[in-house]
Amino acid sequence: MIEIHDPEQPAGQPGRCGGCNAGETAPIEMAFAFQPIVDVKSGSAYAHEALVRGPNGESAASVLAQVDDANRYYFDQRCRTTAIAQAAEMRMQTFLSINFMPNAVYQPAACIRSTLEAAEKHGFPVERIIFETIEGENIISRPHLVQIFRAYKSFGFQTAIDDFGAGYSGLTLLADFQPDLIKLDMALVRGIDTDSVRQRITCGVLTICRDLGIRVIAEGIETPGERDFLVANGVTLMQGYLFAKPAFKAMPTIASAS
């Protein structure tokens, strides 16, 4: 999913938790594709990221184009509950990584209720759910994002910053909150095995994360060279087409190392 800017709204307006009845907003039909986050040491999936699609596999862009201020809250909520339901139906035993829209969350404790209810209903352990979001410049205020992350962590969820290195506030955000995971932006790791500048930047981030006790996921891995450089520098969690493309309503087979 893509983070979408949502201007601040007065309490009780559409888009806020409980601001209006669900029946007032036509639901956006959706399903999910799943892409594994691979533990390269074992060659098995550590987690699966839920990627929104249309009900028949239509693109994420076609679904997100339907999101506006009036339905953003309900869309974000349905993404969470639908992803959990699909993961449970597939008997997923790994972590489930769900993207969320911080701009749809105004009261974290209230907005998390349907997620907790879905997890209980479908028998999916809360401690195996990762909530991730990007750290881009159009995100809501950093203090509010930190509040959301802290609340989710208190409920037992894992937390992750996606596309780390693509935004403008990454290191400052880490100073305020240390998530369980960060996902290195694919533009940072693209061709890293032959790019000395990217190597130095990435190794600096890895040192910081090790010192802070944050696990690193490298996303967008497409070549054995990229994989091997990152493995040599201590990264064991990776995601990308080298391992598997997203599979609609399924957990794809992970390609063997080569």
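Visitor: In which element is the place of Asp 163?

Guide: Asp 163 is found in strand E5. This is a predicted model, and phi of Asp 163 is near 55° in it, a positive value in a residue other than glycine.

Visitor: Why is Asp 163 called partly exposed?

Guide: Its relative accessibility is 24%.

Visitor: Which term applies to Arg 91, buried or exposed?

Guide: Arg 91 has a relative accessible area of 69%, and the term exposed requires over 50%, so Arg 91 is exposed. Arg 91 lies in the loop between helix H2 (72-89) and strand E3 (95-99). Arg 91 is not a glycine, yet its phi is positive, at about 60°.

Visitor: How confident is the predictor in the chain, and where does pLDDT stay under 50?

Guide: The mean pLDDT of the protein chain is 87, with 86% of the residues at 70 or more. Over residues 1-24, pLDDT stays under 50, although the model has 59 contacts beyond four places in sequence for them. Where pLDDT is low, predicted coordinates should not be read in detail.

Visitor: How many helices and strands does the protein chain have, and what share of its residues is buried?

Guide: There are 9 helices and 9 strands in the protein chain. Of its 258 residues, 53% are buried. Among contacts between residues at least 6 apart in sequence, 70% join residues at least 24 apart.

Visitor: Turning to the aromatic rings, why is the pair of Phe 131 and Phe 157 called edge-to-face?

Guide: The structure holds 9 aromatic pairs. In the pair of Phe 131 and Phe 157, the ring centres are 5.0 Å apart and the planes stand at 70°. Pairing asks for centres within 6.5 Å, and edge-to-face for planes over 60 degrees apart, so this pair is edge-to-face. Phe 131 lies in strand E4 (residues 129-134) and Phe 157 in the loop between helix H5 (142-154) and strand E5 (158-164), so the pair ties together parts that are 26 residues apart in sequence.

Visitor: How do you know that Phe 131 is buried, and that Phe 157 counts as buried?

Guide: Phe 131 has a relative accessible area of 0%, and Phe 157 has 2% relative accessibility. Buried means under 20%, so Phe 131 is buried, and Phe 157 counts as buried.

Visitor: What makes the pair of Phe 149 and Phe 177 stacked?

Guide: The angle between the planes of Phe 149 and Phe 177 is 5°, with 5.1 Å from centre to centre. Planes under 30 degrees apart count as stacked, and the pair is therefore stacked. Phe 149 lies in helix H5 and Phe 177 in the loop between helix H6 (170-176) and strand E6 (181-184), so this pair ties together parts that are 28 residues apart in sequence. Phe 149 is buried at 1% relative accessible area, and Phe 177 is buried at 6%. Ring pairs link Phe 100, Phe 131, Phe 149, Tyr 152, Phe 157 and Phe 177 into a cluster.

Visitor: What makes the contact of Lys 183 with Glu 49 a salt bridge?

Guide: The closest N and O atoms of Lys 183 and Glu 49 are 3.0 Å apart. The cut-off is 4 Å, so Lys 183 forms a salt bridge with Glu 49. The pair links distant parts of the chain, with Lys 183 in strand E6 and Glu 49 in strand E2 (residues 44-53), 134 residues apart.

Visitor: Which salt bridge joins Glu 219 to Lys 183, and how far apart are the closest N and O atoms?

Guide: For Glu 219 and Lys 183, the closest N and O atoms are 3.8 Å apart. That value also lies within 4 Å, so the pair is a salt bridge. Glu 219 lies in strand E7 (residues 215-219) and Lys 183 in strand E6, so the pair ties together parts that are 36 residues apart in sequence.

Visitor: How do you know that Glu 219 is buried, and that Lys 183 counts as buried?

Guide: Glu 219 has a relative accessible area of 7%, and Lys 183 has 1% relative accessibility. With the limit for buried at under 20%, Glu 219 is therefore buried, and Lys 183 counts as buried.

How values were computed: Residues are numbered from 1 along each chain as its sequence is written. This is a predicted model: local features need pLDDT of at least 70, side-chain atom pairs count only at pLDDT 80 or more; totals for chains, interfaces and linings use all residues. Side-chain values use heavy atoms; hydrogens and water are left out. pLDDT is the predictor's confidence in each residue, from 0 to 100. Contact means heavy atoms within 4.5 Å. Rings of Phe, Tyr and Trp (its six-membered ring) pair if their centres lie within 6.5 Å; planes under 30 degrees apart count as stacked, over 60 as edge-to-face and the rest as tilted. Helices (H or I, at least four residues) and strands (E, at least two) are DSSP runs, numbered from the N terminus. Buried means under 20% relative accessible area, exposed over 50%, partly exposed in between (1.4 Å probe, protein chains only). A salt bridge is a side-chain nitrogen of Lys or Arg within 4 Å of a carboxyl oxygen of Asp or Glu.
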